[in-house]
Amino acid sequence: MPRVSQDHLDARRRQILDGSRVCFARYGYEGATVRRLEEATGLSRGAIFHHFRDKESLFLALAEDDAVRMADVVAEQGLVQVMRDLLAGNSEHPADWLGTRLEVSRRLRTDPEFRGRWAERSQQLTEATRDRLEWQRKAGNLRDDVDVSVLTAFLELVLEGLVSHLAMGLPGDDLGPVLDLVEETVRRHRPGARG
């Protein structure tokens with residue numbers, strides 16, 4: 001039997017994640033049947049589940065993939081930039097990312113087992129946000145009258161509110177100034193600076 005290269009396996013895994021992202025966004029977790037996952041990925045169930053133990057493992061891998069991508073943006077540019085990218089449609093899969101994020105939120109509320117598995121993975125975004133804020137504080141750019149953990153929770157709460165806003169189908173094209181305000185809220189205010 002021919003040996004399959006790691007590059008081929010990685011490309012196949014990426015194909016499965018990208019196709020299933022669209023499927024989960026369109027149909028939700030329950031509606032993303034194996035048949036629909038096959039159609040979305042262009043692969044058989046055997047090929048899909050060779051890479052992922054079951055549908056939940058596939059969904060968790062997808063959500064984790066999105067969290068890693070977000071954490072990378074946060075590490076480079078901050079959580080507000082993730083929100084700006086979401087509004088501008090600059091992320092690689094903006095609408096599908098939103099669908100995945102909403103499905104994660106729904107399952108966190110309704111599925112205690114999923115909540116436990118997700119808790120292990122969701123720390124990446126929180127840690128990246130906290131690390132970025134600590135770095136900004138050391139650089140003198142972050143307000144110092146509020147603990148970094150509070151600022152982290154504030155920014156994560158704003159992100160969740162933005163996701164909910166977009167999920168309701170409300171327009172996001174006028175929210176740039178709102179994100180400017182959020183960003184200004186966490187910045188250090190220097191004496192003599194105009195606000």
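Over residues 10-70 of this predicted model, the chain is 87% helix and 0% strand, with the end C-alpha atoms 20 Å apart; helices (H or I, at least four residues) and strands (E, at least two) are DSSP runs, numbered from the N terminus. An unreviewed UniProt entry annotates residues 10-70 as "domain: HTH tetR-type". Over residues 33-52 the chain is 75% helix and 0% strand, and the end C-alpha atoms lie 15 Å apart.

The protein chain as a whole comprises nine helices and zero strands. Its C-alpha atoms fill a box of roughly 70 × 35 × 30 Å along the principal axes. Residues are numbered from 1 along each chain as its sequence is written. Local features need pLDDT of at least 70 and side-chain atom pairs count only at pLDDT 80 or more, whereas totals for chains, interfaces and linings use all residues; side-chain values use heavy atoms, with hydrogens and water left out.

Helix H5 (residues 79-88) packs with helix H9 (residues 176-186) at an angle of about 175°, their axes being 10 Å apart. Axes are lines fitted to C-alpha atoms, for helices over the stretch in contact, and angles run from 0 to 180 degrees between N-to-C directions. H5 is therefore roughly antiparallel to H9, a term for angles over 145 degrees. Contact (heavy atoms within 4.5 Å) involves Val80, Met83, Arg84 and Leu87 of H5 together with Gly176, Leu179, Asp180, Val182 and Glu183 of H9. These residues divide into five nonpolar, one polar and three charged; Ala, Val, Leu, Ile, Met, Phe, Trp, Tyr, Cys and Pro count as nonpolar, Asp, Glu, Lys and Arg as charged, and the others, Gly among them, as polar.

The largest cavity holds about 60 Å³ of space. Its lining (residues with an atom within 4 Å of a point) consists of Ala63, Asp66, Ala67, Met70, Trp97, Thr100, Arg101, Val104 and Trp118. Helix H4 (55-77) and helix H6 (94-110) are the elements that each give two or more residues to this lining.

Notes: On a 1 Å grid over the protein atoms alone, a cavity is a set of points where a 1.4 Å probe fits but cannot get out, and a pocket is an open set with protein on both sides within 12 Å along at least five of seven lines; lining residues have an atom within 4 Å of a point. Grid points are joined across faces, edges and corners, and a volume is the space filled by probe spheres set on the points. UniProt positions are given in the numbering used here, feature names are shortened, and annotations may be inferred rather than shown by experiment. Angles under 35 degrees count as roughly parallel, over 145 as roughly antiparallel, 65 to 115 as roughly perpendicular and the rest as oblique.
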